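Me: I am new to this one. Can we go through it in short steps?

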Amino acid sequence: MEIDARGITYKALNESLRQAMAHGASDIVVRNVNGQRYIGTNLQREVRLELHGTPGNDLGAFMDGPSIVVHGNVQDGTGNTMNSGSIVVHGHAGDALGLAARGGTILVQGGAGYRAGIHMKEYQGIGPRIVIGGMAQDFLGEYMAGGVLVVLGLSGISAGKIRARFVGTGMHGGAIFLRGTVESHQLGKEVGVAALTDEDVAVLAELVGEYCEHFGGSPSDIMAMDFVKLFPLYLRPYGRLYAY
Amino acid sequence: MAAMMKSFLPTKFVVERDPARCINCKVCVNQCTFNVHYFDEDDGVVRSREENCVGCHRCVVFCPTNALTIRRNPLEYRANQNWQPEVIEDILKQAESGGMLLTGMGNDKGHKIYWDHLLLNASQVTNPSIDPLREPMELSTYIGRKPDKVEFGPGGEMLTELPPQVMLETPIMFAAMSYGAVSLNVQKSLARAARELGTLWNTGEGGLHPSLAEYAPNTIVQVASGRFGVHSEYLRAARIVEIKIGQGAKPGIGGHLPGEKVTSEVSQTRMIPVGTDALSPAPHHDIYSIEDLRQLIYAIKEATDYEKPVSVKIAAVHNAAAIASGMVRAGADMIVLDGLRGATGAAPKAIRDNVGIPIELALASVDTRLRQEGIRNLASLVVSGGLRSSGDVAKAIALGADAVYIGTAALIALGCHVCQQCHTGKCTWGICTSDPALTKRINPEIGAQRAVNLVRGWSLEIKDMLGGMGVNAIESLRGNRLHLRGVGLNDTELEILGVKSAGT
């Protein structure tokens, strides 16, 4: 089923998506998306949405279930506090990608802005997975408490050379896999750097495989590149700031 | 490793045990979690390590023979208005630890309590008072955005579609206290009490434990900066969704649940590793402007089909009036102002004691400003921050509040003695702890009964006050500053509060 989003408000668009779903549609294509916000927010089932154009902020906010594919760029807050489902972006992402995400998968072909993966969470191994194909900016993975965040650096101005600063400040869970090298002054004090274990390689390979499935490229070529793992040094990074 | 420092901190409390009454039953030994009482095997008597006492009175209340009392250590310093004992001891503590001093509960400094300077009216002669025993007094309160006008059709049917409204049987709700800051049994007690009273309780920023899902129709869920426990089920179950921007105990900084209190159950509800500090960052990292706030408000409205009021809670700070106006225009259906004396499970003492303003002043100026701008109807105004009695509640409503939140008062009803050790997780009353051995000390059935009793008592008192004023509905008191007079207040204070001086 197809919906033309040209000239309609986000409220009307989201309402018509809900109506379509209520009438049994499980595969919806939306064309001419131009800045409408909160798409995919209130669809609690595993529907498939294909969006053409530029969705507005908070795409998939609080999302639980749907699979969204975007042919275009996405803006800020994509996957905000997302619970489950997936968002695949054939383009770039704005700031705060996957903020406070609790589950689900986000794959971005291009780069992401600031604060990607901030405050991601997980419980007993179930957590969000975010893969950014291009570059990510400052405050990547800030306050991370769980999940997996991958930055491939395959495109962007300084492809392969990480320029983000304040990476992982306040990190106390989860893991970040970065292609290339990163200097200690770019990282939060709470962040440790290590080589990938076999387990890590398996996790990364799975995510790289998914990325290539959607966006092309050779998984083996990517896996042959140099990756580092960022992990939290302390369970309680701020434990010593307080006196009891 | 640094050389071991001897602590210079003097003992705060002295335990007085009456030997004529003490039967060495060891109840105090079992009840104390601060390692004060112990049984001396050799001498066969119970003794006390007074240096550990925090003044929580658990042992006093539970001693079967009333053998115990607690006194402040009568250690006399040379009189000094500037260098008070507490200040001296804070410096010593900091010299010994090098960190931010943490504390629990609300501001305990002697800032003016304006409730104690405001007095209510009663009807005499010119207006008759109404007898609440004979005539019904209405306390019901509707929370939600009210439209600018209401239109009716030819048959008397209402044409205007009302935004979502939530009815409270009494204008008193239970304040946000997160799971982790307080125990599950405390939340169960308040949830049950809220259901019985026909009012609401608030989950705080720790998420909603699955065992409390049955209380959803009486639940306000919070979306705080840490987004703990926030998922679509949570949002859809709630009666009201509240975005927490700040709280009175620690305006401007985020929340902090010490790792000691993050047990596996807390970890599961919050989705963070066990034993880690649960930090809610200072701002929501997707709210950096008023437009961003509007974005989150509408994200929540979209996620909940526009079926529930969305509340925004801030600490009472400078320019609260302008901030509140912005929040209302950003789409909030309910505004919560939490004043200087609001409590917390853990906050840096320096922030708790120095940041924020009293709720009475914030309330008056916000209500006045919203009325002046003609937007007072767009959001319900709820206040909190150390409200202690039905008198405080009635005065808050007279100053303009639609309803109030009580936090500390509700915990005191459950047994809290305000010893300010919440951040240690060792609460002997079983209130603000995650230790399963201690949380058992609160029985939710009894806890609910106590909370219901408190709110019922206050509600009856408010009804008496209303009748005394010659009105029969709380709506007639709401924002009606003419029913208040001030005593011991200067002109500026009277002007901000919008009340006249007693005698005029």
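Reply: Start with one term. A nonpolar core is a set of buried Ala, Val, Leu, Ile, Met, Phe, Trp, Tyr and Cys residues joined through C-beta atoms within 7 Å. Keep in mind that this is a predicted model.

Me: Which residues touch the most other members of the largest nonpolar core?

Reply: The largest nonpolar core has 215 residues. In general, nonpolar side chains tend to be buried together in soluble globular proteins. The residues that touch the most other members are Val150(A), Ile335(B), Leu337(B) and Val404(B).

Me: Which helix gives this core its largest share?

Reply: Look in chain B, at residues 444-469. That stretch supplies nine residues of the core. The helix is helix 14 of chain B.

Me: Which residues are in contact with Val404(B), leaving aside its neighbours within four places in sequence?

Reply: Contact here means C-beta atoms within 7 Å. Sequence neighbours within four places are set aside. That leaves Pro171(B), Ile172(B), Val382(B), Val383(B), Ser384(B), Leu387(B), Val393(B) and Ala396(B).

Me: How many residues of domain 2 of chain B are in contact with domain 1 of chain B?

Reply: The centres of the two domains are 37 Å apart, taken over C-alpha atoms. On the side of domain 1, nine residues take part in the contact. They divide into four nonpolar, four polar and one charged. On the side of domain 2, the number is seven.

Me: Which helix of chain B supplies the largest share of the side that touches chain A?

Reply: The contact takes 40 residues from chain A and 33 residues from chain B. Helix 3, strand 5, helix 5 and helix 7 of chain B each supply at least two residues of that side. The largest share is five residues, and it comes from helix 7.

Me: How do the residues of that side of chain B divide into nonpolar, polar and charged?

Reply: Take the side of chain B that touches chain A. Its residues divide into 13 nonpolar, six charged and, for the polar group, 14.

Me: What is the radius of gyration of chain A?

Reply: Chain A has three helices and twelve strands. The globule rule gives 18 Å for 244 residues. Chain A comes close to that, so it is as compact as a globular protein of that length. Its radius of gyration is 18 Å.

Me: What percentage of the residues of chain A count as buried?

Reply: A residue is buried if 20 or more other C-beta atoms lie within 10 Å of its own. Chain A has 244 residues. The buried share is 53%.

Key: Residues numbered from 1 in each chain as written. Chains lettered and ligands numbered in written order. Predicted model: local features only at pLDDT ≥ 70, side-chain atom pairs only at ≥ 80, totals over all residues. Domains from an automatic or database assignment. Contact = placed C-beta atoms within 7 Å. Nonpolar A, V, L, I, M, F, W, Y, C, P; charged D, E, K, R; others polar. Helix = DSSP H or I, 4+ residues; strand = E, 2+ residues; numbered from the N terminus. Buried ≥ 20, exposed ≤ 12 C-beta atoms within 10 Å, placed from the backbone. Rg over C-alpha atoms; globule rule 2.2 N^0.38 Å.
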